Amino acid sequence: GGTRGNPSAVSTLNGNGNNNNPIFTLSASGIVLTNIRFINADAGSTGSALNIQAADCTISDCSFDNCQAQNGGAIYGSASASNTMIDGCNFTNNQGKWYGNGGAIYLQGTSCEIKDSIFEGNSAGHYAAIYSGGSTTVENCKFDGNSAQDNSNSGIYSLGVTKVNNC
């Protein structure tokens, strides 16, 4: 997001609500994205802003607003997305459309971490904020006003081992 002279500057990427593909697909290990604001992204089945297909990726100090896809309205992480770190991010008004899962995040990888992040106003058919199919630690996060159409969990849903601390 920033520049060498101003590393804390934020870049905005606008999906304009009609791209039908993720803004970024991360297919190489170790990619780090910092200080990016993703808005109005709209993808088909997986992750409108980010589709993570590789291990050891880090997303920090980013925001995701008004993004939608069937699974992972903002971020989708495949089973290959192990050791994904999401740190200090804001997720607002994202949607798992078509009665999908994980209005903000859908992760299938193992040893993933989500920390110091805020989830507000996200929605999905099932599991409004976070859907985890692998193992995930969620720490120091705030959840407010997230909703699932089927009245399932509106915060965190896990098929694997999930640790929740200070949320």
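A polar contact is a pair of N or O atoms within 3.5 Å; within protein, one must be able to donate a hydrogen and the other to accept it, and residues adjacent in sequence count only if both atoms are side-chain atoms. Such a contact, of 3.2 Å, joins the side chains of aspartate 42 and glutamine 68. The model is predicted: local features need pLDDT of at least 70, side-chain atom pairs count only at pLDDT 80 or more, and totals for chains, interfaces and linings use all residues. Residues are numbered from 1 along each chain as its sequence is written, and side-chain values use heavy atoms, with hydrogens and water left out.

**Aspartate 42**
- Aspartate 42 sits in the loop between strand S4 (36-39) and strand S5 (50-52); strands are DSSP runs of E, at least two residues, numbered from the N terminus.
- Aspartate 42 counts as buried because its relative accessibility is 11%; buried means under 20% relative accessible area (1.4 Å probe, protein chains only).
- The side chain of aspartate 42 also makes a polar contact of 2.5 Å with that of lysine 97.

**Overall fold**
- The protein has zero helices (H or I runs, at least four residues) and 22 strands.
- Its C-alpha atoms fill a box of roughly 45 × 30 × 25 Å, taken along the principal axes.
- Of the 167 residues, 47% count as buried.

Conventions: Buried < 20%, exposed > 50% of the residue type's maximum accessible area, 1.4 Å probe, protein only.
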